[in-house]
Amino acid sequence: MIAFPNLGLEFSNISRTAFRIFGLDIYWYGVIAAVAVIILGFSYALKRSKEFGMITDKVFDCAVVGFLGGGLGARLYYVIFYNLNPANETKYTFVTFFTGFREGGLALYGGIIGAILFGFIAMRLKKMRVLPVLDLAGMSFLLGIGVGRWANFFNQEAYGSVTSPDFLFGMTGDRIGEIPVHPCFLYESVWCLLGFALLHFYSKKLRTFNGEIFLLFAAWYGFGRVFIEQLRSDSLMFGEFKISQLLAAASFGAAIGAFIYFKQKTRKAPNLYSDSEESISSIAAYELKLKLDKEKIAAKKALKNAEQTAPSILSGNVGRDALGTPQEPGVPQNETEENENGTNS
(Lines give C-alpha, C1' and ligand atoms only; values in the text may rest on other atoms or scores of the structure.)
Protein backbone atom coordinates (compact mmCIF):
# COMPACT_ATOMS: atom_id res chain seq x y z
CA MET A 1 0.00 0.00 0.00
CA ILE A 2 1.17 3.51 -0.90
CA ALA A 3 -0.77 6.61 0.08
CA PHE A 4 -0.74 10.39 -0.17
CA PRO A 5 -3.04 11.08 2.81
CA ASN A 6 -3.46 14.82 2.31
CA LEU A 7 -4.34 14.32 -1.35
CA GLY A 8 -6.85 11.60 -0.52
CA LEU A 9 -4.98 9.06 -2.69
CA GLU A 10 -4.38 5.46 -1.67
CA PHE A 11 -2.99 2.67 -3.84
CA SER A 12 -3.67 -0.81 -2.48
CA ASN A 13 -2.06 -4.10 -3.47
CA ILE A 14 0.99 -2.43 -4.99
CA SER A 15 3.38 -5.15 -6.09
CA ARG A 16 6.95 -4.87 -7.35
CA THR A 17 6.26 -7.70 -9.79
CA ALA A 18 4.62 -6.83 -13.10
CA PHE A 19 4.40 -10.42 -14.45
CA ARG A 20 6.27 -13.71 -14.57
CA ILE A 21 8.05 -15.39 -17.48
CA PHE A 22 9.18 -19.01 -17.10
CA GLY A 23 9.01 -18.65 -13.33
CA LEU A 24 11.09 -15.47 -13.30
CA ASP A 25 9.62 -12.32 -11.77
CA ILE A 26 9.72 -9.28 -14.05
CA TYR A 27 9.63 -6.18 -11.88
CA TRP A 28 7.78 -2.97 -12.62
CA TYR A 29 11.11 -1.20 -12.15
CA GLY A 30 12.55 -2.87 -15.23
CA VAL A 31 9.38 -2.52 -17.28
CA ILE A 32 9.00 1.22 -16.61
CA ALA A 33 12.70 1.87 -17.11
CA ALA A 34 12.60 0.04 -20.45
CA VAL A 35 9.54 1.97 -21.62
CA ALA A 36 11.06 5.29 -20.53
CA VAL A 37 14.50 4.78 -22.05
CA ILE A 38 13.96 2.51 -25.05
CA ILE A 39 10.50 3.47 -26.28
CA LEU A 40 10.29 7.14 -25.30
CA GLY A 41 13.91 8.27 -25.15
CA PHE A 42 15.04 6.34 -28.24
CA SER A 43 11.97 7.28 -30.26
CA TYR A 44 12.35 10.97 -29.50
CA ALA A 45 16.04 11.03 -30.44
CA LEU A 46 15.40 9.17 -33.70
CA LYS A 47 12.47 11.37 -34.67
CA ARG A 48 14.48 14.58 -34.29
CA SER A 49 17.84 13.31 -35.52
CA LYS A 50 17.49 14.95 -38.95
CA GLU A 51 16.86 18.37 -37.35
CA PHE A 52 20.28 18.10 -35.72
CA GLY A 53 21.98 16.99 -38.93
CA MET A 54 22.29 13.35 -37.90
CA ILE A 55 21.56 10.16 -39.83
CA THR A 56 18.85 8.17 -38.05
CA ASP A 57 20.48 4.75 -38.38
CA LYS A 58 23.72 5.97 -36.85
CA VAL A 59 21.89 7.66 -33.98
CA PHE A 60 20.07 4.40 -33.30
CA ASP A 61 23.35 2.46 -33.16
CA CYS A 62 24.84 4.98 -30.72
CA ALA A 63 21.68 4.89 -28.59
CA VAL A 64 21.86 1.10 -28.26
CA VAL A 65 25.51 1.20 -27.23
CA GLY A 66 24.77 4.08 -24.86
CA PHE A 67 21.92 2.13 -23.28
CA LEU A 68 24.20 -0.81 -22.54
CA GLY A 69 26.87 1.52 -21.19
CA GLY A 70 24.26 3.28 -19.07
CA GLY A 71 23.26 0.05 -17.35
CA LEU A 72 26.87 -0.82 -16.61
CA GLY A 73 27.66 2.71 -15.44
CA ALA A 74 24.65 2.85 -13.13
CA ARG A 75 25.71 -0.37 -11.43
CA LEU A 76 29.40 0.50 -11.27
CA TYR A 77 28.78 3.97 -9.82
CA TYR A 78 26.56 2.55 -7.08
CA VAL A 79 28.86 -0.32 -6.13
CA ILE A 80 32.02 1.82 -6.03
CA PHE A 81 30.61 4.51 -3.76
CA TYR A 82 28.71 2.00 -1.66
CA ASN A 83 31.92 0.08 -0.99
CA LEU A 84 33.85 3.28 -0.28
CA ASN A 85 31.46 4.24 2.50
CA PRO A 86 32.96 2.89 5.76
CA ALA A 87 29.50 2.91 7.34
CA ASN A 88 28.47 -0.01 5.10
CA GLU A 89 29.71 -3.18 6.78
CA THR A 90 28.86 -5.55 3.92
CA LYS A 91 30.63 -4.95 0.63
CA TYR A 92 29.94 -5.94 -2.94
CA THR A 93 32.25 -8.51 -4.50
CA PHE A 94 32.98 -9.23 -8.14
CA VAL A 95 30.31 -11.95 -8.04
CA THR A 96 27.61 -9.96 -6.25
CA PHE A 97 28.26 -7.04 -8.61
CA PHE A 98 26.49 -9.13 -11.27
CA THR A 99 24.22 -11.37 -9.21
CA GLY A 100 22.74 -8.79 -6.87
CA PHE A 101 21.48 -6.19 -9.32
CA ARG A 102 17.90 -7.56 -9.22
CA GLU A 103 17.71 -6.50 -5.59
CA GLY A 104 18.57 -2.91 -6.46
CA GLY A 105 21.78 -0.96 -6.53
CA LEU A 106 21.69 1.36 -9.54
CA ALA A 107 22.62 5.04 -9.54
CA LEU A 108 21.12 7.40 -12.11
CA TYR A 109 24.13 9.67 -12.39
CA GLY A 110 26.29 6.64 -13.07
CA GLY A 111 23.89 5.64 -15.83
CA ILE A 112 24.17 9.06 -17.47
CA ILE A 113 27.97 8.97 -17.29
CA GLY A 114 28.14 5.42 -18.64
CA ALA A 115 25.75 6.21 -21.50
CA ILE A 116 27.80 9.24 -22.52
CA LEU A 117 31.15 7.41 -22.40
CA PHE A 118 29.96 4.36 -24.35
CA GLY A 119 27.99 6.55 -26.74
CA PHE A 120 31.11 8.63 -27.36
CA ILE A 121 33.05 5.51 -28.36
CA ALA A 122 30.26 4.52 -30.74
CA MET A 123 30.17 8.02 -32.23
CA ARG A 124 33.89 7.98 -32.92
CA LEU A 125 33.65 4.55 -34.57
CA LYS A 126 30.73 5.77 -36.70
CA LYS A 127 32.60 9.01 -37.50
CA MET A 128 29.78 11.15 -36.14
CA ARG A 129 29.84 14.68 -34.76
CA VAL A 130 29.66 14.33 -30.98
CA LEU A 131 27.99 17.56 -29.87
CA PRO A 132 24.78 17.33 -31.97
CA VAL A 133 24.25 13.77 -30.71
CA LEU A 134 24.74 14.95 -27.12
CA ASP A 135 22.09 17.60 -27.74
CA LEU A 136 19.63 14.88 -28.68
CA ALA A 137 20.76 12.78 -25.72
CA GLY A 138 20.17 15.62 -23.26
CA MET A 139 16.48 15.93 -24.11
CA SER A 140 16.10 12.16 -24.26
CA PHE A 141 17.66 11.87 -20.79
CA LEU A 142 15.14 14.30 -19.33
CA LEU A 143 12.21 12.50 -20.94
CA GLY A 144 13.50 9.09 -19.86
CA ILE A 145 14.23 10.18 -16.28
CA GLY A 146 10.90 11.99 -15.97
CA VAL A 147 8.96 8.84 -16.83
CA GLY A 148 11.45 6.32 -15.46
CA ARG A 149 11.42 7.79 -11.94
CA TRP A 150 7.99 6.24 -11.48
CA ALA A 151 9.73 2.90 -11.25
CA ASN A 152 10.77 4.07 -7.76
CA PHE A 153 7.09 4.44 -6.88
CA PHE A 154 6.53 0.69 -7.10
CA ASN A 155 9.71 -0.06 -5.16
CA GLN A 156 8.84 2.56 -2.52
CA GLU A 157 12.32 4.03 -2.79
CA ALA A 158 14.03 7.32 -3.69
CA TYR A 159 11.94 9.07 -1.07
CA GLY A 160 13.08 11.80 1.28
CA SER A 161 13.14 12.82 4.88
CA VAL A 162 10.15 13.05 7.19
CA THR A 163 7.88 15.97 6.45
CA SER A 164 5.03 17.71 8.25
CA PRO A 165 1.82 15.65 8.68
CA ASP A 166 -0.02 18.50 6.95
CA PHE A 167 2.29 18.65 3.93
CA LEU A 168 0.19 18.24 0.78
CA PHE A 169 2.48 15.74 -0.97
CA GLY A 170 3.48 13.71 2.09
CA MET A 171 3.74 10.00 1.20
CA THR A 172 3.36 6.88 3.34
CA GLY A 173 3.65 3.19 2.50
CA ASP A 174 4.21 -0.36 3.70
CA ARG A 175 7.98 -0.07 3.39
CA ILE A 176 8.10 3.65 4.17
CA GLY A 177 6.02 3.73 7.33
CA GLU A 178 3.05 5.72 8.58
CA ILE A 179 4.94 9.00 9.01
CA PRO A 180 4.76 11.10 5.79
CA VAL A 181 7.98 11.63 3.84
CA HIS A 182 8.95 13.69 0.80
CA PRO A 183 8.22 11.82 -2.49
CA CYS A 184 11.56 12.75 -4.07
CA PHE A 185 10.92 10.53 -7.08
CA LEU A 186 7.83 12.65 -7.82
CA TYR A 187 9.74 15.91 -7.50
CA GLU A 188 12.43 14.71 -9.88
CA SER A 189 9.89 13.35 -12.35
CA VAL A 190 8.04 16.67 -12.55
CA TRP A 191 11.30 18.66 -12.71
CA CYS A 192 12.65 16.56 -15.59
CA LEU A 193 9.41 16.55 -17.61
CA LEU A 194 9.18 20.32 -17.25
CA GLY A 195 12.80 20.66 -18.36
CA PHE A 196 12.17 18.37 -21.32
CA ALA A 197 9.22 20.50 -22.48
CA LEU A 198 11.22 23.72 -22.16
CA LEU A 199 14.26 22.35 -24.00
CA HIS A 200 12.10 20.83 -26.70
CA PHE A 201 10.67 24.24 -27.65
CA TYR A 202 13.96 26.04 -27.03
CA SER A 203 15.77 23.72 -29.42
CA LYS A 204 13.33 24.53 -32.22
CA LYS A 205 14.15 28.22 -32.54
CA LEU A 206 16.74 29.47 -30.08
CA ARG A 207 19.81 27.22 -30.20
CA THR A 208 22.86 28.77 -31.82
CA PHE A 209 25.72 26.32 -31.22
CA ASN A 210 26.34 22.60 -31.12
CA GLY A 211 26.21 21.18 -27.61
CA GLU A 212 24.00 23.99 -26.33
CA ILE A 213 21.04 21.76 -25.45
CA PHE A 214 23.25 19.29 -23.63
CA LEU A 215 24.73 22.09 -21.52
CA LEU A 216 21.23 23.28 -20.66
CA PHE A 217 20.27 19.72 -19.75
CA ALA A 218 23.28 19.40 -17.43
CA ALA A 219 22.50 22.75 -15.82
CA TRP A 220 18.77 22.10 -15.44
CA TYR A 221 19.10 18.58 -14.09
CA GLY A 222 22.03 19.50 -11.86
CA PHE A 223 20.22 22.49 -10.35
CA GLY A 224 17.14 20.45 -9.50
CA ARG A 225 19.12 17.48 -8.23
CA VAL A 226 21.05 19.66 -5.75
CA PHE A 227 17.85 20.48 -3.87
CA ILE A 228 16.14 17.11 -4.33
CA GLU A 229 19.22 15.24 -3.14
CA GLN A 230 19.25 17.36 0.01
CA LEU A 231 15.86 15.87 0.92
CA ARG A 232 16.71 12.25 0.15
CA SER A 233 17.43 9.79 2.93
CA ASP A 234 18.99 7.02 0.83
CA SER A 235 21.83 8.89 -0.87
CA LEU A 236 25.26 7.41 -1.52
CA MET A 237 27.64 9.05 0.92
CA PHE A 238 31.37 9.75 0.94
CA GLY A 239 32.06 10.77 4.47
CA GLU A 240 29.62 13.54 5.29
CA PHE A 241 28.97 14.45 1.67
CA LYS A 242 26.29 13.21 -0.70
CA ILE A 243 28.10 12.14 -3.85
CA SER A 244 25.31 12.91 -6.31
CA GLN A 245 24.67 16.30 -4.75
CA LEU A 246 28.29 17.33 -5.19
CA LEU A 247 28.30 16.07 -8.79
CA ALA A 248 25.03 17.89 -9.49
CA ALA A 249 26.41 21.18 -8.15
CA ALA A 250 29.62 20.81 -10.18
CA SER A 251 27.78 19.98 -13.39
CA PHE A 252 25.40 22.92 -12.90
CA GLY A 253 28.24 25.40 -12.42
CA ALA A 254 30.35 24.11 -15.30
CA ALA A 255 27.39 23.88 -17.69
CA ILE A 256 26.10 27.38 -16.93
CA GLY A 257 29.56 28.88 -17.38
CA ALA A 258 30.11 27.15 -20.72
CA PHE A 259 26.60 28.03 -21.91
CA ILE A 260 27.03 31.75 -21.21
CA TYR A 261 30.43 31.84 -22.93
CA PHE A 262 29.39 30.05 -26.15
CA LYS A 263 25.98 31.72 -26.30
CA GLN A 264 27.55 35.15 -26.36
CA LYS A 265 30.05 33.99 -28.94
CA THR A 266 27.41 32.67 -31.37
CA ARG A 267 24.47 34.96 -30.66
CA LYS A 268 24.88 36.98 -33.88
CA ALA A 269 26.37 34.19 -35.99
CA PRO A 270 24.83 30.77 -35.20
CA ASN A 271 27.07 27.82 -35.94
CA LEU A 272 25.00 24.64 -36.19
CA TYR A 273 26.09 21.38 -37.76
CA SER A 274 22.62 20.87 -39.22
CA ASP A 275 23.21 23.91 -41.46
CA SER A 276 26.59 22.73 -42.75
CA GLU A 277 27.19 21.38 -46.25
CA GLU A 278 28.55 18.17 -44.77
CA SER A 279 25.34 17.49 -42.87
CA ILE A 280 23.01 18.43 -45.73
CA SER A 281 24.87 16.27 -48.28
CA SER A 282 25.17 13.26 -45.97
CA ILE A 283 21.45 13.31 -45.14
CA ALA A 284 20.56 13.72 -48.83
CA ALA A 285 22.73 10.70 -49.72
CA TYR A 286 21.18 8.70 -46.87
CA GLU A 287 17.62 9.51 -47.97
CA LEU A 288 18.46 8.66 -51.59
CA LYS A 289 19.79 5.30 -50.47
CA LEU A 290 16.58 4.64 -48.51
CA LYS A 291 14.52 5.54 -51.56
CA LEU A 292 16.52 3.23 -53.84
CA ASP A 293 16.31 0.41 -51.32
CA LYS A 294 12.52 0.77 -51.16
CA GLU A 295 12.30 0.74 -54.94
CA LYS A 296 14.41 -2.43 -55.13
CA ILE A 297 12.20 -4.14 -52.57
CA ALA A 298 9.06 -3.07 -54.43
CA ALA A 299 10.50 -4.31 -57.75
CA LYS A 300 11.43 -7.68 -56.28
CA LYS A 301 7.98 -8.03 -54.75
CA ALA A 302 6.30 -7.16 -58.07
CA LEU A 303 8.47 -9.65 -59.95
CA LYS A 304 7.70 -12.37 -57.43
CA ASN A 305 3.95 -11.73 -57.72
CA ALA A 306 4.20 -11.81 -61.53
CA GLU A 307 6.00 -15.15 -61.46
CA GLN A 308 3.38 -16.62 -59.15
CA THR A 309 0.43 -15.53 -61.34
CA ALA A 310 1.92 -16.26 -64.81
CA PRO A 311 0.49 -19.44 -66.58
CA SER A 312 2.89 -22.30 -67.23
CA ILE A 313 2.94 -24.57 -70.30
CA LEU A 314 3.82 -27.42 -67.97
CA SER A 315 0.69 -27.01 -65.90
CA GLY A 316 -1.50 -28.86 -68.42
CA ASN A 317 -3.84 -25.91 -68.85
CA VAL A 318 -5.05 -25.01 -72.33
CA GLY A 319 -6.64 -21.84 -73.60
CA ARG A 320 -10.30 -21.45 -74.49
CA ASP A 321 -11.94 -19.41 -77.21
CA ALA A 322 -14.71 -16.91 -76.70
CA LEU A 323 -17.32 -19.72 -76.57
CA GLY A 324 -15.36 -21.72 -74.03
CA THR A 325 -14.06 -24.30 -76.51
CA PRO A 326 -10.67 -25.78 -75.50
CA GLN A 327 -7.82 -24.33 -77.54
CA GLU A 328 -4.53 -26.21 -78.10
CA PRO A 329 -1.47 -24.21 -77.07
CA GLY A 330 0.27 -22.54 -79.98
CA VAL A 331 -2.69 -22.97 -82.39
CA PRO A 332 -4.40 -19.70 -83.38
CA GLN A 333 -8.14 -19.56 -82.93
CA ASN A 334 -8.89 -18.67 -86.57
CA GLU A 335 -6.72 -21.57 -87.83
CA THR A 336 -8.72 -24.04 -85.74
CA GLU A 337 -11.99 -22.71 -87.12
CA GLU A 338 -10.70 -22.96 -90.72
CA ASN A 339 -9.66 -26.62 -90.23
CA GLU A 340 -13.10 -27.44 -88.85
CA ASN A 341 -14.78 -25.83 -91.92
CA GLY A 342 -12.39 -27.52 -94.39
CA THR A 343 -11.35 -24.25 -95.91
CA ASN A 344 -7.71 -24.36 -94.99
CA SER A 345 -5.52 -25.28 -98.00
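## A buried charged pair

Arg149 and Glu188 are both buried (buried means under 20% relative accessible area, exposed over 50%, partly exposed in between, with a 1.4 Å probe and protein chains only). Their side chains meet in a salt bridge at 3.3 Å, N to O (a salt bridge is a side-chain nitrogen of Lys or Arg within 4 Å of a carboxyl oxygen of Asp or Glu). Arg149 sits in the loop between helix 5 and helix 6 (151–155) and Glu188 in helix 7, so the pair ties together parts that are 39 residues apart in sequence. Arg149 and Glu188 also belong to one network with Arg225 and Glu229, joined by salt bridges that share partners.

A quick word on the source: this is a predicted model, where local features need pLDDT of at least 70 and side-chain atom pairs count only at pLDDT 80 or more, while totals for chains, interfaces and linings use all residues. Residues are numbered from 1 along each chain as its sequence is written, and side-chain values use heavy atoms, with hydrogens and water left out.

## Other salt bridges

Across the whole structure, a search turns up 12 salt bridges. One of them pairs Lys126 with Asp61 at 3.0 Å, N to O. Lys126 is in the loop between helix 4 and helix 5, and Asp61 is in helix 2, so this pair links parts 65 residues apart in sequence. Lys126 is partly exposed at 35% relative accessibility, and Asp61 is partly exposed too, at 29%.

Asp25 and Arg20 make another salt bridge, at 2.4 Å, N to O. Here Asp25 is partly exposed, with a relative accessible area of 22%, whereas Arg20 is exposed at 52%.

## The nonpolar cores

The largest nonpolar core has 47 residues, and Phe141, Phe217 and Tyr221 have the most contacts inside it (a nonpolar core is a set of buried Ala, Val, Leu, Ile, Met, Phe, Trp, Tyr and Cys residues joined through side-chain atoms within 4.5 Å). Helix 5 (130–148) is among the helices that each supply at least two residues, and the largest share, 10 residues, comes from helix 5. Leaving aside residues up to four places away in sequence, Phe141 touches Ile112, Ala115, Ile116, Phe214 and Phe217 (contact means heavy atoms within 4.5 Å). Apart from this core lies another, of 12 residues, including Ile2, Phe4, Phe154 and Ile176.

## Helix 9

Helix 9 covers residues 243–266, and its 24 residues reach 34 Å from first C-alpha to last, close to the 34 Å expected at 1.5 Å a residue (the expected span is 1.5 Å times one less than the number of residues). Helices (H or I, at least four residues) and strands (E, at least two) are DSSP runs, numbered from the N terminus. The buried residues of helix 9 include Ala248, Ser251, Ala255 and Phe259. Among the partners that the buried residues of helix 9 pack against are helix 2, helix 4 (108–125) and helix 8 (212–231).

## Two loop residues with positive phi

Asn13 has a positive phi of about 55° although it is not a glycine. You'll find Asn13 in the loop between strand 2 (9–11) and strand 3 (17–21), exposed at 77% relative accessible area.

Lys127 also has a positive phi of about 55° without being a glycine. Lys127 is in the loop between helix 4 and helix 5, and is exposed at 75%.
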